[in-house]
Amino acid sequence: MTAVLAALAAVALCVAQWFIWVYAPVEQSMGVVQKIFYIHLPLAWWALGSFFVVFVASVLMLVKKDNRWDRLAGASCELGVLFSGLALITGSLWGKPIWNVWWTWDPRLTTTLIMWFVYSAYLILRQSGAGGERGPVVRAALGVVAFLDVPLVFYSARKWRSIHPTVFGSQGGGLEPEMLTTILVSIAAVGLFWAALLSLRSRQLGQGAALRHVFLHQTR
């Protein structure tokens, strides 16, 4: 399954590059720097998707008390922190030539940075082993609470005075058809890459847990 997803992701990412650099037109006012958008937005969306998976897996962990959901939450959180961090970096690279600053305390940027710190703290808690045998339950509770910031990130550019562009807002993003096609292809390609990484990391965490179980069984 992981190998198939990885192969599909590799092909899809190559196809996405063709759409970005050949098919999509150069935006008139921003120039070639606008093409960062085709990487930035998929990273941001799949980061939010990762944290939604953390939320769902954490709820299932609390209900079913099955450590497989804890491992899925951990794997998805790692991807969410990675993707949201890359989204912040690519956004900054876009913001410097367009806004003339690397960073501004805009509502969208600020809530995204807070989200990144919250889920980074979640990962530090996992690595510390805090909670002992009840660690998975403690992490699941944090995974549910941490999700409160995710809707704020999504709606921040729509509800508050934000200078962050809203691509798919209620008033439309004004994308040319070629640009819309390209961003949809990029979202799908990054999604396949995200699924391959999630499958691989979940399997690694499962194998690590199995090895620890065998080691503890032999040392008793």
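This report covers salt bridges in a predicted model.

Local features need pLDDT of at least 70, side-chain atom pairs count only at pLDDT 80 or more, and totals for chains, interfaces and linings use all residues. Residues are numbered from 1 along each chain as its sequence is written, and side-chain values use heavy atoms, with hydrogens and water left out.

The structure holds four salt bridges. A salt bridge is a side-chain nitrogen of Lys or Arg within 4 Å of a carboxyl oxygen of Asp or Glu.

| Pair | N to O distance |
|---|---|
| Asp70 and Arg126 | 3.0 Å |
| Asp70 and Arg139 | 2.8 Å |
| Arg201 and Glu78 | 2.6 Å |

**The Asp70 network**

Salt bridges link Asp70, Arg126 and Arg139 in a network. Asp70 and Arg126 meet in a salt bridge. Asp70 sits in helix H3 (residues 67-99) and Arg126 in helix H4 (residues 107-128), so the pair ties together parts 56 residues apart in sequence. Helices here are DSSP runs (H or I, at least four residues), numbered from the N terminus. Asp70 also bridges to Arg139. That residue lies in helix H5 (residues 135-146), 69 residues from Asp70.

Asp70 and Arg126 are both buried, meaning under 20% relative accessible area with a 1.4 Å probe, protein chains only. The value for Asp70 is 6%. Arg139 is buried too, at 10%.

**The Arg201 pair**

Arg201 and Glu78 form a salt bridge. Arg201 belongs to helix H7 (residues 177-219) and Glu78 to helix H3, 123 residues apart. Arg201 is partly exposed at 26% relative accessibility, and Glu78 is partly exposed at 24%. Partly exposed lies between buried, under 20%, and exposed, over 50%.

Methods. Helix = DSSP H or I, 4+ residues; strand = E, 2+ residues; numbered from the N terminus.
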